[in-house]
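The following note is written for a reader who is new to structural description. Please consult the sequence and the structure shown here while reading the numbered points.

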Amino acid sequence: MIRAETLTKKFGDKTAVDGISFQVERGEIYGLLGPNGAGKTTTLSMLSGLLAPDAGRITFEGVDLARDPIMCKQRLGVVPQEVALYEELSALENVRFWGSLYGLSGKALREAAERALARVGLTGRAKDAVKTYSGGMKRRLNLALGLVHSPSAVLLDEVTVGIDPQARASILDVVREVADAGTAVIYTTHYLEEAERLCDRIAIVDHGKVLAEGTLDELKARLGEEETVTLWGRFEADAARTALSGLPGARVISAEPGRVALTTGGNGAAGLLGTIHDCGLAIDRVAIEPPSLNALFLKLTGRELRD
Amino acid sequence: MRVLLAMVGKDLRRRVRSPLSTLLLLLFPLIFAGLIAVTFGGAEAKVPKVRLLIEDRDGGLAAQLVAAAFQRNEAAQYFETEKVENVPGDGAALLEEKEAAALLRLPAGFSDAVLAGRPARIELVKSPAQSILPDVAEQVTTVLADSLSAASRLLRGPLDQIRTAPGAPQGMPSDQRVAEISVLINQVLTRSRPYLFPPVVTLETATRAEPKESNPSPGGTPTGSIFLLVLPGIAVYSLFNLADQGMRDLLVEARLKTLRRQLAGPLAAGRVVVGKALSTAAVSGLALLVLTGVGAAVAVRGVSFAGFVLLSIAVVLAATGFASFVFGLAHGERQGATLASIVSLVMAFAGGSFIPLNSLPAALRAVSPFSLIFWATQGYQKLIADGAGVRAVLPHIGILAGVGAVLLALSAVLWRRRLLRGDLA
């Protein structure tokens, strides 16, 4: 359905996207997981035709985006990270306007608008000006605008930023419904739990590159039985790295003053803790994390996703 | 086309829901023209008369002539005289009391001195409480004194006879004597004619044409006429501001990220710009319709319908093209707004929106034809004030439409380049 091949985009000397490739099928939710600045939004901007890639190719159902952008965009729904609405207008007027941009008119437009608003639970407030809406309602309407024309693929860019858990859950439910109806969804987020809950396949992205890709289980399997142990205390990074480097099976994956993280190498954290105690580091606190996306991200990038 | 209509409809709805700025721009020309009309065209706004007090301490012929000069013919339109007697001091108190502009004092012996060809003095006391009117009185009195001096020298012979006429205690000779003196004056004037009345005066009199039958004033009353004379210039200036607001909305939408969203849809970048230009033209056109309605309500005389419609279309095209070009050049919303305001203001000033063209300095008048607002204002004034037909404003329509189309085409290139480069997305 959606195919991206070695997409590359540079801004001056900085490479924002560095040879990213992936493919998303109908009914699949494909997550791009990475911290801010990882290149997720730039990738989506290229997929939505707003930015031309410096290299690489994008196709929608076999149609090259560069060759026939209008046809490709017609099949695509885009929900931007920002709430891009006309606040003076009502929700219904907003939805109808965006629907008409995609060629809907008359009865088809009316029905599509009603369906989109019902899907995000805004039917009761359809005629109210958007400026009277709460943040969560605006987010839901923002989503509805991208779905009004029933696209065969949807690009969702951090659509749950800054809203309460209830509104977030509601949006995630809608995204799941959309995918279940056969739409290909590309979903960018930096929330691990969202990616874990929602996405069928996940690509871990950092510095413009896909570091790992697969289903949640496949990604976790890359860690094997490894647990991640994080230590906080009064020590320097180099001292911690040196002290812990000799531990059997363990590997230091990140170290900074007062904090060091290491994988257990399948030996189990319990056995390792006694050895760590003998290393001479002044340790105040210890955390043991079972195999997880965060642990994988930490292992792949040397930093936590929230950093 | 349906998509473009949807874009125009969306923008019009947004304007209706947030109407303040549009209403202000619409009201501005009406208020401005209305204030000017009421100030300068009100029914009470006649030329104020110079209130002149005349104290004739002489009572002789020459003194009576001077006093009468302010009460006759055209002078009576501008002077309101009052005879006063026995004014104490310099008359300042009386001037204040009677709210007069000046006191003209003709001293005793004035007529004798004039008739004898001796130096005679007219005393004029100006009121310090008034500014211009006392000066008017002074100027007129100076002219009068000069005329009297000239007459005194020229008519020396006849005047001597008047002065020495028997039985004339107040300087008033008998009828027979007056007849003889008149003949004498006529002879003197006939001999002096080549020197006193040079040919140019004769020529001017001889070639003076019958006054043309003037058009009835467009507004009926002076207030209405001034309103209709002032309104086009200010209205055109406001239309340019409205158009600026319209094209600025592209940058506003870039800020709101709705532009980015539109560009992610199945629309070519050029279509988005065309949609905004159409919205801008629609708003300008509607505003023009409202202003025309107000103008039509005031007007008592019709204008060329074809001329008005064609000129209005050309004005909307020019305003839209100008705004699109300026905002296409500008790096940001604020920069565009500043640039558009300055250029519009200069064009309005040079185009005669605020000050009549003939009152502008020559240097500024020389650049007026470079102002789009000049062509628009002049075109409307030809139609409204002169009652001209469509032929008379064809050059105006051509220039406005031509420049507007060129600016739109240039701006389309600018906008497209920016949109494709991702500057606004």
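1. The largest nonpolar core has 162 residues, and the residues with the most contacts inside it are A144(A), V185(A), I186(A), L239(B), V315(B) and F322(B). A nonpolar core is a set of buried Ala, Val, Leu, Ile, Met, Phe, Trp, Tyr and Cys residues joined through C-beta atoms within 7 Å. A residue is buried if 20 or more other C-beta atoms lie within 10 Å of its own, exposed if 12 or fewer, and partly exposed in between, with C-beta atoms placed from the backbone. Helix α11 (residues 222–256) of chain B supplies the largest share of this core, 17 residues. Helices (H or I, at least four residues) and strands (E, at least two) are DSSP runs, numbered from the N terminus.

2. This is a predicted model, in which local features need pLDDT of at least 70 and side-chain atom pairs count only at pLDDT 80 or more, while totals for chains, interfaces and linings use all residues. Residues are numbered from 1 along each chain as its sequence is written, and chains are lettered from A and ligands numbered from 1 in the order in which they are written.

3. Between the chains, 20 residues of chain A are in contact with 22 residues of chain B; contact requires C-beta atoms, placed from the backbone, to lie within 7 Å. On the chain A side, α2 (69–74) and α3 (91–101) are the elements that give two or more residues. The most comes from α3(A), with four residues.

4. Chain A also holds an open sheet of four strands in the order β12-β13-β11-β14, with antiparallel pairing; two strands pair if DSSP finds at least two bridges between them. Because β12 and β14 (282–289) of chain A stand at the edges with a single partner strand each, one side of each is left without a neighbour in the sheet.

5. Five bridges join β13(A) to the antiparallel strand β11 (residues 228–234) of chain A, where V229(A) stands opposite L262(A). Strand β12 (residues 251–256) of chain A also pairs with β13(A) in the antiparallel sense over five bridges. Here A255(A) has V260(A) as its bridge partner, and S254(A) has A261(A).

6. Which residue takes a positive phi in the hairpin of β12(A) and β13(A)? It is G258(A), with a phi near 85°, and the hairpin has two residues between the strands.

How values were computed. Contact = placed C-beta atoms within 7 Å.
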